[in-house]
Amino acid sequence: MSDVAPDRILRLAPGCRLSSAPGQEDLLLIPEGALRLKGPARVIVELCDGQRTLGQVVEELAQRYSGQDVGRIQTETAELVAGLHRRGVLEYG
Amino acid sequence: MKYQLRALIAEITHRCPLHCVYCSNPLEMQQRSAELSTEDWIGIFRQAGEMGALQLHLTGGEPLARADLADLVRAGRAAGLYLNLITSGVGLDERRLDELIGVGLDHIQLSFQDVAEASANEFAGTRSHALKLRVAKMVRQRRVGFTLNIVVHRRNLDRLEEMIALAAESGAQRVEIAHVQYYGWALRNRDALLPARDQVQRSIEIVETARQRLQGRLRIDFVLPDYYAKYPKPCMNGWGHQQMLIDPSGRALPCHAAGALPGMEFSNATERPLRWIWEDSPAFNRFRDESWMPEPCRTCDRRARDFGGCRCQAFLLTGDAAATDPVCTLAPTHQLVENAVQHANNGSAGEESWSAAWVYRTDPAPAEKITLREA
(Lines give C-alpha, C1' and ligand atoms only; values in the text may rest on other atoms or scores of the structure.)
Protein backbone atom coordinates (compact mmCIF):
# COMPACT_ATOMS: atom_id res chain seq x y z
CA MET A 1 0.00 0.00 0.00
CA SER A 2 2.85 2.43 0.71
CA ASP A 3 4.36 1.71 -2.72
CA VAL A 4 2.54 4.10 -5.02
CA ALA A 5 3.32 3.76 -8.72
CA PRO A 6 4.88 6.96 -10.10
CA ASP A 7 2.36 7.13 -12.94
CA ARG A 8 -0.64 7.46 -10.64
CA ILE A 9 -2.42 10.81 -10.81
CA LEU A 10 -2.96 12.35 -7.38
CA ARG A 11 -5.83 14.48 -6.18
CA LEU A 12 -7.54 15.37 -2.92
CA ALA A 13 -10.61 13.30 -2.07
CA PRO A 14 -14.03 14.98 -2.11
CA GLY A 15 -14.58 16.95 1.07
CA CYS A 16 -10.88 17.70 1.53
CA ARG A 17 -9.25 21.01 0.63
CA LEU A 18 -6.47 23.33 1.65
CA SER A 19 -7.59 26.19 3.85
CA SER A 20 -7.85 29.38 1.88
CA ALA A 21 -8.28 31.92 4.65
CA PRO A 22 -5.51 34.52 4.59
CA GLY A 23 -3.18 34.50 7.57
CA GLN A 24 -4.31 31.03 8.61
CA GLU A 25 -1.74 28.37 9.30
CA ASP A 26 -1.23 25.70 6.64
CA LEU A 27 -4.17 23.40 7.17
CA LEU A 28 -5.77 20.67 5.18
CA LEU A 29 -9.48 20.78 5.97
CA ILE A 30 -11.12 17.36 6.12
CA PRO A 31 -14.58 16.19 7.24
CA GLU A 32 -13.44 15.32 10.77
CA GLY A 33 -11.43 18.49 11.34
CA ALA A 34 -8.10 19.66 9.99
CA LEU A 35 -4.60 18.32 9.44
CA ARG A 36 -1.65 20.63 10.07
CA LEU A 37 0.80 20.59 7.17
CA LYS A 38 4.41 20.98 8.14
CA GLY A 39 7.35 22.09 6.02
CA PRO A 40 7.02 21.21 2.34
CA ALA A 41 3.84 19.20 2.95
CA ARG A 42 1.65 22.09 1.86
CA VAL A 43 3.53 22.42 -1.42
CA ILE A 44 3.22 18.69 -2.02
CA VAL A 45 -0.52 18.71 -1.36
CA GLU A 46 -0.94 21.73 -3.65
CA LEU A 47 0.74 19.76 -6.42
CA CYS A 48 -1.74 16.88 -6.00
CA ASP A 49 -4.12 18.73 -8.30
CA GLY A 50 -5.72 15.94 -10.30
CA GLN A 51 -3.37 16.66 -13.22
CA ARG A 52 0.06 15.57 -12.04
CA THR A 53 1.27 12.04 -11.46
CA LEU A 54 3.38 11.17 -8.45
CA GLY A 55 6.43 11.21 -10.75
CA GLN A 56 5.60 14.71 -11.96
CA VAL A 57 5.06 15.92 -8.41
CA VAL A 58 8.51 14.66 -7.49
CA GLU A 59 10.05 16.28 -10.60
CA GLU A 60 8.45 19.60 -9.72
CA LEU A 61 9.72 19.38 -6.14
CA ALA A 62 13.22 18.51 -7.33
CA GLN A 63 13.22 21.70 -9.38
CA ARG A 64 11.88 23.85 -6.57
CA TYR A 65 14.26 22.39 -4.02
CA SER A 66 17.30 22.02 -6.24
CA GLY A 67 20.32 20.99 -4.27
CA GLN A 68 18.29 18.51 -2.22
CA ASP A 69 18.79 14.81 -2.73
CA VAL A 70 16.21 13.66 -5.31
CA GLY A 71 16.07 10.16 -3.84
CA ARG A 72 15.12 11.60 -0.51
CA ILE A 73 12.47 13.87 -2.02
CA GLN A 74 11.06 10.82 -3.78
CA THR A 75 10.94 8.68 -0.64
CA GLU A 76 9.49 11.35 1.59
CA THR A 77 6.87 12.44 -0.94
CA ALA A 78 5.77 8.84 -1.49
CA GLU A 79 5.48 8.37 2.26
CA LEU A 80 3.36 11.50 2.73
CA VAL A 81 1.16 10.56 -0.23
CA ALA A 82 0.64 7.00 1.04
CA GLY A 83 -0.19 8.31 4.52
CA LEU A 84 -2.78 10.74 3.18
CA HIS A 85 -4.25 7.99 1.00
CA ARG A 86 -4.57 5.65 3.97
CA ARG A 87 -6.33 8.47 5.82
CA GLY A 88 -8.81 8.75 2.93
CA VAL A 89 -7.67 12.28 2.13
CA LEU A 90 -5.90 11.64 -1.18
CA GLU A 91 -7.12 9.67 -4.20
CA TYR A 92 -5.12 7.88 -6.86
CA GLY A 93 -6.39 8.51 -10.36
CA MET B 1 -7.19 33.52 25.03
CA LYS B 2 -6.20 29.97 25.87
CA TYR B 3 -9.19 28.47 24.10
CA GLN B 4 -9.46 28.69 20.30
CA LEU B 5 -12.87 28.45 18.69
CA ARG B 6 -12.56 25.67 16.11
CA ALA B 7 -16.09 24.87 15.06
CA LEU B 8 -19.38 26.70 14.96
CA ILE B 9 -22.52 24.58 15.05
CA ALA B 10 -25.43 26.53 13.59
CA GLU B 11 -28.85 25.10 14.42
CA ILE B 12 -30.48 27.20 11.76
CA THR B 13 -33.99 25.89 12.44
CA HIS B 14 -35.75 23.49 14.76
CA ARG B 15 -38.32 22.65 12.10
CA CYS B 16 -37.95 19.08 10.92
CA PRO B 17 -40.01 16.59 8.92
CA LEU B 18 -38.65 13.80 11.14
CA HIS B 19 -39.73 13.10 14.71
CA CYS B 20 -36.91 10.88 15.91
CA VAL B 21 -37.36 9.34 19.32
CA TYR B 22 -33.78 10.31 20.26
CA CYS B 23 -33.60 13.79 18.73
CA SER B 24 -30.77 15.90 20.17
CA ASN B 25 -32.82 19.10 20.02
CA PRO B 26 -34.09 20.47 23.31
CA LEU B 27 -37.55 19.50 24.54
CA GLU B 28 -38.57 23.12 24.21
CA MET B 29 -37.84 24.21 20.68
CA GLN B 30 -37.67 27.58 18.98
CA GLN B 31 -40.59 28.54 16.78
CA ARG B 32 -40.16 29.59 13.19
CA SER B 33 -41.04 33.18 14.09
CA ALA B 34 -38.07 33.31 16.47
CA GLU B 35 -35.54 32.17 13.84
CA LEU B 36 -32.65 34.45 12.91
CA SER B 37 -32.68 36.18 9.56
CA THR B 38 -30.26 35.43 6.73
CA GLU B 39 -28.33 38.62 7.55
CA ASP B 40 -28.06 37.67 11.24
CA TRP B 41 -26.51 34.33 10.34
CA ILE B 42 -24.14 35.85 7.82
CA GLY B 43 -22.87 38.27 10.48
CA ILE B 44 -22.32 35.38 12.90
CA PHE B 45 -20.40 33.32 10.32
CA ARG B 46 -18.19 36.29 9.49
CA GLN B 47 -17.33 36.78 13.15
CA ALA B 48 -16.55 33.09 13.59
CA GLY B 49 -14.21 33.21 10.60
CA GLU B 50 -12.45 36.27 12.00
CA MET B 51 -11.99 34.46 15.30
CA GLY B 52 -10.13 31.69 13.50
CA ALA B 53 -12.86 29.05 13.45
CA LEU B 54 -12.32 26.40 10.78
CA GLN B 55 -15.58 24.59 10.46
CA LEU B 56 -19.23 25.44 10.17
CA HIS B 57 -21.76 22.70 10.75
CA LEU B 58 -25.20 23.61 9.47
CA THR B 59 -27.74 21.56 11.31
CA GLY B 60 -31.25 21.74 12.73
CA GLY B 61 -33.93 20.49 12.91
CA GLU B 62 -33.63 20.00 9.20
CA PRO B 63 -31.48 22.76 7.66
CA LEU B 64 -33.08 22.17 4.25
CA ALA B 65 -36.28 23.58 5.76
CA ARG B 66 -34.71 27.04 5.35
CA ALA B 67 -35.19 28.48 1.88
CA ASP B 68 -32.03 30.61 2.26
CA LEU B 69 -29.72 27.63 2.84
CA ALA B 70 -27.65 28.26 -0.29
CA ASP B 71 -27.09 31.87 0.79
CA LEU B 72 -25.90 30.64 4.18
CA VAL B 73 -23.50 28.15 2.60
CA ARG B 74 -22.10 30.84 0.33
CA ALA B 75 -21.64 33.21 3.26
CA GLY B 76 -19.94 30.56 5.36
CA ARG B 77 -17.44 29.85 2.59
CA ALA B 78 -16.83 33.56 2.14
CA ALA B 79 -16.01 33.70 5.86
CA GLY B 80 -13.28 31.10 5.26
CA LEU B 81 -15.11 28.18 6.87
CA TYR B 82 -15.36 24.52 5.90
CA LEU B 83 -19.02 23.85 5.18
CA ASN B 84 -20.71 20.73 6.52
CA LEU B 85 -24.42 20.07 6.09
CA ILE B 86 -25.98 17.73 8.63
CA THR B 87 -29.23 16.53 7.10
CA SER B 88 -31.93 13.90 6.93
CA GLY B 89 -31.98 14.44 3.17
CA VAL B 90 -35.68 15.29 3.23
CA GLY B 91 -36.08 18.28 0.95
CA LEU B 92 -33.04 17.58 -1.20
CA ASP B 93 -33.40 17.13 -4.96
CA GLU B 94 -30.79 17.21 -7.74
CA ARG B 95 -31.28 20.89 -8.47
CA ARG B 96 -30.88 21.95 -4.86
CA LEU B 97 -27.92 19.65 -4.31
CA ASP B 98 -26.12 21.10 -7.34
CA GLU B 99 -26.88 24.59 -6.13
CA LEU B 100 -25.43 23.90 -2.67
CA ILE B 101 -22.29 22.30 -4.07
CA GLY B 102 -22.00 25.17 -6.54
CA VAL B 103 -21.86 27.75 -3.76
CA GLY B 104 -19.21 25.83 -1.84
CA LEU B 105 -20.70 23.04 0.25
CA ASP B 106 -17.76 20.83 1.28
CA HIS B 107 -19.42 17.90 2.96
CA ILE B 108 -22.76 16.23 3.53
CA GLN B 109 -23.56 14.15 6.56
CA LEU B 110 -26.68 12.13 5.81
CA SER B 111 -28.50 10.46 8.68
CA PHE B 112 -30.03 7.01 8.67
CA GLN B 113 -32.18 5.56 11.43
CA ASP B 114 -31.79 1.91 10.47
CA VAL B 115 -31.22 -0.42 7.54
CA ALA B 116 -34.66 -2.03 7.79
CA GLU B 117 -37.22 0.31 6.28
CA ALA B 118 -40.12 -0.32 8.65
CA SER B 119 -37.96 0.18 11.74
CA ALA B 120 -36.19 3.21 10.30
CA ASN B 121 -39.53 4.85 9.69
CA GLU B 122 -40.75 3.88 13.15
CA PHE B 123 -37.74 5.50 14.88
CA ALA B 124 -37.99 8.61 12.69
CA GLY B 125 -41.73 8.88 13.22
CA THR B 126 -42.09 9.42 9.49
CA ARG B 127 -41.67 7.57 6.20
CA SER B 128 -38.29 8.84 5.09
CA HIS B 129 -36.03 5.78 4.63
CA ALA B 130 -36.65 5.13 0.94
CA LEU B 131 -36.10 8.81 0.18
CA LYS B 132 -32.78 8.76 2.05
CA LEU B 133 -31.59 5.89 -0.16
CA ARG B 134 -32.36 8.01 -3.23
CA VAL B 135 -30.55 11.00 -1.72
CA ALA B 136 -27.46 8.86 -1.01
CA LYS B 137 -27.38 7.89 -4.67
CA MET B 138 -27.60 11.54 -5.73
CA VAL B 139 -24.80 12.55 -3.40
CA ARG B 140 -22.37 9.83 -4.47
CA GLN B 141 -22.72 10.87 -8.11
CA ARG B 142 -21.21 14.25 -7.24
CA ARG B 143 -17.84 15.43 -5.96
CA VAL B 144 -18.61 16.38 -2.38
CA GLY B 145 -17.48 14.90 0.92
CA PHE B 146 -19.96 12.27 2.05
CA THR B 147 -20.47 10.72 5.48
CA LEU B 148 -23.31 8.48 6.56
CA ASN B 149 -24.46 8.83 10.12
CA ILE B 150 -26.34 5.90 11.62
CA VAL B 151 -27.75 6.25 15.10
CA VAL B 152 -27.76 2.94 16.94
CA HIS B 153 -29.53 1.71 20.05
CA ARG B 154 -31.13 -1.35 21.62
CA ARG B 155 -33.71 -1.85 18.88
CA ASN B 156 -31.39 -1.75 15.85
CA LEU B 157 -27.91 -2.62 17.10
CA ASP B 158 -28.35 -6.27 16.14
CA ARG B 159 -28.49 -5.16 12.48
CA LEU B 160 -25.07 -3.47 12.67
CA GLU B 161 -23.50 -5.71 10.00
CA GLU B 162 -26.24 -4.82 7.54
CA MET B 163 -25.87 -1.13 8.43
CA ILE B 164 -22.17 -1.22 7.65
CA ALA B 165 -22.98 -2.96 4.36
CA LEU B 166 -25.45 -0.18 3.58
CA ALA B 167 -22.75 2.40 4.25
CA ALA B 168 -20.22 0.56 2.09
CA GLU B 169 -22.71 0.36 -0.81
CA SER B 170 -23.84 3.97 -0.41
CA GLY B 171 -20.58 5.32 -1.79
CA ALA B 172 -19.90 7.32 1.39
CA GLN B 173 -16.25 7.74 2.34
CA ARG B 174 -17.02 7.46 5.97
CA VAL B 175 -19.69 6.21 8.34
CA GLU B 176 -20.32 7.37 11.85
CA ILE B 177 -22.05 4.76 13.93
CA ALA B 178 -23.12 6.70 16.93
CA HIS B 179 -24.95 5.41 19.95
CA VAL B 180 -27.85 7.45 21.14
CA GLN B 181 -26.84 9.85 23.88
CA TYR B 182 -29.34 10.26 26.65
CA TYR B 183 -30.45 13.86 26.69
CA GLY B 184 -33.81 15.46 25.92
CA TRP B 185 -35.98 13.15 23.84
CA ALA B 186 -33.63 10.20 24.16
CA LEU B 187 -33.60 10.38 27.95
CA ARG B 188 -37.39 10.15 27.89
CA ASN B 189 -37.08 7.03 25.76
CA ARG B 190 -34.04 5.62 27.53
CA ASP B 191 -35.52 2.34 28.68
CA ALA B 192 -36.42 1.47 25.12
CA LEU B 193 -33.08 2.64 23.68
CA LEU B 194 -30.34 1.52 26.04
CA PRO B 195 -28.75 -1.67 24.66
CA ALA B 196 -27.86 -4.75 26.66
CA ARG B 197 -24.22 -5.44 27.48
CA ASP B 198 -23.91 -8.42 25.13
CA GLN B 199 -25.27 -6.32 22.25
CA VAL B 200 -22.59 -3.72 22.89
CA GLN B 201 -19.88 -6.36 23.12
CA ARG B 202 -20.91 -7.93 19.83
CA SER B 203 -21.05 -4.53 18.13
CA ILE B 204 -17.43 -3.84 19.05
CA GLU B 205 -16.35 -7.11 17.45
CA ILE B 206 -18.41 -6.44 14.31
CA VAL B 207 -16.86 -2.99 13.88
CA GLU B 208 -13.32 -4.30 14.33
CA THR B 209 -13.82 -6.99 11.69
CA ALA B 210 -15.47 -4.53 9.29
CA ARG B 211 -12.67 -1.98 9.72
CA GLN B 212 -10.14 -4.53 8.54
CA ARG B 213 -12.29 -5.73 5.66
CA LEU B 214 -13.11 -2.22 4.41
CA GLN B 215 -9.76 -0.55 5.01
CA GLY B 216 -9.05 2.05 2.33
CA ARG B 217 -12.71 1.98 1.17
CA LEU B 218 -14.75 3.15 4.14
CA ARG B 219 -13.69 4.80 7.37
CA ILE B 220 -15.76 3.68 10.34
CA ASP B 221 -16.10 5.95 13.36
CA PHE B 222 -17.82 4.24 16.23
CA VAL B 223 -19.19 5.91 19.33
CA LEU B 224 -19.96 3.58 22.23
CA PRO B 225 -22.73 4.28 24.72
CA ASP B 226 -21.10 6.07 27.64
CA TYR B 227 -23.34 4.23 30.10
CA TYR B 228 -21.07 1.21 29.52
CA ALA B 229 -17.82 3.13 29.81
CA LYS B 230 -15.61 3.15 32.87
CA TYR B 231 -14.89 6.85 32.55
CA PRO B 232 -16.94 9.67 31.03
CA LYS B 233 -16.53 11.11 27.55
CA PRO B 234 -14.60 14.39 27.14
CA CYS B 235 -17.85 16.08 26.21
CA MET B 236 -17.38 18.66 23.39
CA ASN B 237 -13.65 18.26 24.15
CA GLY B 238 -14.29 20.47 27.14
CA TRP B 239 -16.91 23.13 27.92
CA GLY B 240 -16.11 26.21 25.83
CA HIS B 241 -12.82 24.71 24.66
CA GLN B 242 -13.36 24.36 20.89
CA GLN B 243 -16.99 24.62 19.88
CA MET B 244 -19.92 26.97 20.03
CA LEU B 245 -23.52 26.23 19.12
CA ILE B 246 -25.97 28.89 18.05
CA ASP B 247 -29.63 27.91 18.35
CA PRO B 248 -32.29 29.05 15.85
CA SER B 249 -33.03 32.18 17.87
CA GLY B 250 -29.36 33.17 18.17
CA ARG B 251 -28.68 31.91 21.67
CA ALA B 252 -25.02 30.88 22.00
CA LEU B 253 -24.46 27.60 23.84
CA PRO B 254 -21.43 25.45 24.60
CA CYS B 255 -23.32 22.36 23.34
CA HIS B 256 -26.67 21.00 22.10
CA ALA B 257 -28.11 20.34 25.53
CA ALA B 258 -26.79 23.19 27.69
CA GLY B 259 -29.90 25.31 27.21
CA ALA B 260 -31.67 23.09 29.72
CA LEU B 261 -29.22 23.90 32.54
CA PRO B 262 -30.88 26.04 35.22
CA GLY B 263 -29.43 29.30 36.48
CA MET B 264 -27.33 29.88 33.38
CA GLU B 265 -27.64 32.97 31.24
CA PHE B 266 -26.72 32.33 27.63
CA SER B 267 -26.12 35.43 25.52
CA ASN B 268 -27.71 35.99 22.16
CA ALA B 269 -25.35 36.42 19.22
CA THR B 270 -27.53 39.21 17.84
CA GLU B 271 -26.99 41.21 21.03
CA ARG B 272 -23.35 40.54 21.87
CA PRO B 273 -20.22 40.14 19.75
CA LEU B 274 -19.31 36.48 19.26
CA ARG B 275 -15.81 37.12 20.58
CA TRP B 276 -17.16 38.52 23.85
CA ILE B 277 -19.48 35.55 24.25
CA TRP B 278 -16.59 33.15 23.63
CA GLU B 279 -13.96 34.86 25.70
CA ASP B 280 -15.76 36.76 28.44
CA SER B 281 -19.33 35.59 28.93
CA PRO B 282 -19.93 33.98 32.33
CA ALA B 283 -21.73 31.03 30.70
CA PHE B 284 -18.78 30.00 28.51
CA ASN B 285 -16.41 30.37 31.46
CA ARG B 286 -18.62 28.56 33.95
CA PHE B 287 -17.09 25.09 33.50
CA ARG B 288 -14.09 26.00 31.39
CA ASP B 289 -11.19 25.50 33.76
CA GLU B 290 -10.94 23.12 36.73
CA SER B 291 -12.03 25.45 39.54
CA TRP B 292 -15.66 24.23 39.48
CA MET B 293 -14.70 20.59 39.91
CA PRO B 294 -15.85 18.57 42.92
CA GLU B 295 -14.07 15.52 44.22
CA PRO B 296 -13.21 13.00 42.88
CA CYS B 297 -12.53 15.06 39.70
CA ARG B 298 -10.52 17.78 41.42
CA THR B 299 -7.64 15.46 42.26
CA CYS B 300 -8.19 12.89 39.49
CA ASP B 301 -5.39 12.08 37.02
CA ARG B 302 -7.91 12.05 34.20
CA ARG B 303 -9.36 15.54 34.75
CA ALA B 304 -7.36 17.09 31.90
CA ARG B 305 -8.51 14.27 29.61
CA ASP B 306 -12.25 14.05 30.25
CA PHE B 307 -12.89 17.38 32.07
CA GLY B 308 -15.22 15.68 34.54
CA GLY B 309 -17.43 14.43 31.73
CA CYS B 310 -20.65 16.02 30.59
CA ARG B 311 -22.26 18.88 32.55
CA CYS B 312 -25.64 18.32 30.98
CA GLN B 313 -25.66 14.61 31.78
CA ALA B 314 -24.62 15.45 35.35
CA PHE B 315 -27.54 17.85 35.64
CA LEU B 316 -30.11 15.61 33.98
CA LEU B 317 -29.28 12.62 36.19
CA THR B 318 -28.28 14.23 39.52
CA GLY B 319 -29.91 17.66 39.37
CA ASP B 320 -26.50 19.31 39.77
CA ALA B 321 -24.61 20.51 36.69
CA ALA B 322 -21.41 20.80 38.75
CA ALA B 323 -21.42 17.14 39.82
CA THR B 324 -19.07 14.52 38.43
CA ASP B 325 -20.68 12.89 35.39
CA PRO B 326 -22.48 9.89 36.93
CA VAL B 327 -21.28 7.73 34.06
CA CYS B 328 -17.88 7.74 35.77
CA THR B 329 -17.38 4.65 37.93
CA LEU B 330 -15.65 6.91 40.47
CA ALA B 331 -18.65 9.27 40.75
CA PRO B 332 -20.57 9.16 44.05
CA THR B 333 -23.81 9.08 42.03
CA HIS B 334 -22.70 6.31 39.66
CA GLN B 335 -25.46 4.04 40.98
CA LEU B 336 -27.95 6.10 38.94
CA VAL B 337 -26.31 4.88 35.74
CA GLU B 338 -25.77 1.41 37.14
CA ASN B 339 -29.51 1.12 37.81
CA ALA B 340 -30.34 1.96 34.20
CA VAL B 341 -27.73 -0.50 32.96
CA GLN B 342 -29.07 -3.24 35.24
CA HIS B 343 -32.56 -2.60 33.96
CA ALA B 344 -31.33 -2.88 30.38
CA ASN B 345 -29.72 -6.24 31.16
CA ASN B 346 -32.61 -7.57 33.16
CA GLY B 347 -33.93 -10.44 31.02
CA SER B 348 -36.44 -9.23 28.47
CA ALA B 349 -36.58 -5.70 29.98
CA GLY B 350 -40.16 -5.48 28.72
CA GLU B 351 -39.53 -5.79 24.98
CA GLU B 352 -43.23 -5.93 24.15
CA SER B 353 -45.02 -3.17 22.23
CA TRP B 354 -42.27 -0.55 22.16
CA SER B 355 -43.88 1.46 19.44
CA ALA B 356 -46.80 2.20 21.71
CA ALA B 357 -44.37 3.60 24.27
CA TRP B 358 -42.21 5.94 22.17
CA VAL B 359 -42.28 9.61 22.94
CA TYR B 360 -41.83 11.23 19.53
CA ARG B 361 -40.04 14.51 19.03
CA THR B 362 -42.61 17.17 18.29
CA ASP B 363 -42.22 19.94 15.78
CA PRO B 364 -42.01 23.60 16.79
CA ALA B 365 -44.38 24.70 14.03
CA PRO B 366 -47.61 25.35 15.92
CA ALA B 367 -49.84 24.23 13.03
CA GLU B 368 -48.28 20.75 12.97
CA LYS B 369 -50.51 17.97 14.27
CA ILE B 370 -48.64 15.73 16.65
CA THR B 371 -49.63 12.57 18.41
CA LEU B 372 -47.81 12.55 21.70
CA ARG B 373 -47.79 9.15 23.21
CA GLU B 374 -46.62 8.95 26.79
CA ALA B 375 -44.99 5.81 28.08
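Where is Asn237(B) found? Asn237(B) sits in the loop between strand 7 (219–223) and strand 8 (243–246) of chain B; helices (H or I, at least four residues) and strands (E, at least two) here are DSSP runs, numbered from the N terminus.

Before going on, some ground rules. This is a predicted model, so local features need pLDDT of at least 70 and side-chain atom pairs count only at pLDDT 80 or more, while totals for chains, interfaces and linings use all residues. Residues are numbered from 1 along each chain as its sequence is written, and chains are lettered from A and ligands numbered from 1 in the order in which they are written.

Most residues other than glycine have a negative phi, and most peptide bonds are trans. Asn237(B) has a positive phi, near 55°, although it is a residue other than glycine. Asn237(B) is partly exposed, with 13 other C-beta atoms within 10 Å. The cut-offs are these: 20 or more other C-beta atoms within 10 Å of a residue's own make it buried, 12 or fewer make it exposed, and anything in between is partly exposed, with C-beta atoms placed from the backbone.

Phe307(B) also has a positive phi near 55°. Its place is the loop between helix 12 and helix 13 (311–318) of chain B, and Phe307(B) is buried, with 25 other C-beta atoms within 10 Å.

| Cis peptide bond | Omega |
|---|---|
| Gly60(B) to Gly61(B) | about 15° |
| Glu295(B) to Pro296(B) | near 5° |

Gly61(B) lies in the loop between strand 2 (55–59) and helix 2 (69–78) of chain B. Pro296(B) is in the loop between helix 11 (282–285) and helix 12 (303–306) of chain B.

**Helix 4 of chain B**

In helix 4 (residues 117–124) of chain B, the buried residues are Ala120(B), Glu122(B), Phe123(B) and Ala124(B). They pack against strand 4 (107–112) and helix 5 (129–140) of chain B.

**Where the chains meet**

The contact between the chains takes 16 residues from chain B and 13 residues from chain A; two residues are in contact if their C-beta atoms, placed from the backbone, lie within 7 Å. On the chain B side, strand 3 (82–87) and strand 5 (145–152) each supply at least two residues, and strand 5 of chain B gives the largest share, 3 residues.

Gln173(B) is in the loop between helix 6 (160–170) and strand 6 (174–179) of chain B. Gln173(B) is buried, with 24 other C-beta atoms within 10 Å. Leaving aside neighbours within four places in sequence, its contacts include Ala13(A), Gly15(A) and Gly88(A), as well as Phe146(B) and Arg219(B). Gln173(B) and Leu148(B) are 25 residues apart in sequence, yet their C-alpha atoms are 8.3 Å apart.

**A helix pair in chain A**

The axes of helix 2 (residues 54–64) and helix 3 (residues 70–86) of chain A come within 10 Å and cross at roughly 130°. Axes are lines fitted to C-alpha atoms, for helices over the stretch in contact, and angles run from 0 to 180 degrees between N-to-C directions.
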